[in-house]
Amino acid sequence: HAQCMVSRCAALGKDMAQYVAGWVIATERNFLDVKAFNQDRMWNEQTRERFMYRPLDSVTVGVIGLGDIGGKIAEAMSVLGCRVVGFKRTVTETASAHVQLITDDLPAVLAQSDYIVNVLPSTPATHNLLSGPVLEHCQCKSPVLINLGRGNVIDDASLLRALDRRLLSAAILDVFATEPLPPASPLWAHPHVTITPHVGALSHPHVVAATFAANTQRIARGKQPVPLVNAERGY
């Protein structure tokens, strides 16, 4: 019998979109400062300024990896009012209902993004894609990097250098080249790094079972399961 590999992207995309939306809103609205405000017990015009925010329709989210998961993230951020641009290696259309610009020009996406959301898989083509001088293109907007894809898309030295030079204003990291992240990693102590333990999207048994059941029915009807993994590309 022929064998095929099926990706879990369809099941994970919604949860990853929620992760991104949650962090973008929390960052824009300064929700992480609320506890300190409560402890200070000082309500005046000066403290209210800590919670001033820009409307989301003035925020551009750049999605690096505009596949199934990236598409879910783009849709969620577009619904919230953000402008969405996307990087994709193979461009078949230059825009969509939720993405204002789809391009294979990575520097162009980096230059106009307030948030860079990486959801690329780990392949030889994506390894260290954001390492080195490419982040110089972020200097205009100093975006927040949200990494949900794979940790080896950027090496730690490049990330820390970009943060210290304010090419990136912050990094929200859910994936790492080495997991669990070693206690000695300088990422833990950096003031502009937020770390979560690879929980951007969990594999809930009932969701996996539903996907398996749906694909079993597709195969019984003579159709291919979805979404299929392209073995040559690695995703």
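User: Why is Cys140 called exposed?
Analyst: Its relative accessible area is 68%, and exposed means over 50%, buried under 20% and partly exposed in between (1.4 Å probe, protein chains only). Cys140 therefore counts as exposed. The model is predicted, so local features need pLDDT of at least 70 and side-chain atom pairs pLDDT 80 or more, while totals for chains, interfaces and linings use all residues. Residues are numbered from 1 along each chain as its sequence is written, and side-chain values use heavy atoms, with hydrogens and water left out.

User: Is Cys138 buried or exposed?
Analyst: Cys138 is buried, since its relative accessible area is 1%.

User: How many disulfides does the structure hold?
Analyst: The structure holds 0 disulfides. For Cys138, the nearest cysteine sulfur is that of Cys140, 10 Å away, whereas a disulfide requires two cysteine sulfur atoms within 2.5 Å. Cys140 is likewise in no disulfide.

User: What makes β5 and β6 a pair of strands?
Analyst: Strands (E, at least two residues) and helices (H or I, at least four) are DSSP runs, numbered from the N terminus. Two strands pair if DSSP finds at least two bridges between them; β5 (residues 144-147) and β6 have 4 and run parallel, so they qualify. Ile146 has Ile172 as its bridge partner in β6. By the same rule β6 pairs with β7 (residues 193-195), because 3 bridges join these parallel strands. Here Ala171 stands opposite Val193.

User: Which way do the residues of β6 point?
Analyst: Ala170 and Ile172 point one way from β6 (residues 170-173), Ala171 and Leu173 the other way, and all are buried. In a regular strand, side chains alternate between the two faces of the sheet.

User: What handedness does the β-α-β unit of β5, helix α6 and β6 have?
Analyst: With α6 at residues 156-164, this unit is right-handed. The term means that, with the strands pointing away from the viewer, the path from the first strand over the helix to the second runs clockwise.

User: What makes a nonpolar core, and which residues have the most contacts inside the largest one?
Analyst: A nonpolar core is a set of buried Ala, Val, Leu, Ile, Met, Phe, Trp, Tyr and Cys residues joined through side-chain atoms within 4.5 Å. The largest has 30 residues, and those with the most contacts inside it are Val20, Val61, Ile73, Met77, Ile146 and Leu148. Elements supplying at least two residues each include β5 and β6, and α1 gives the most, with 8 residues. Apart from this core lies another, of 27 residues, including Ala171.
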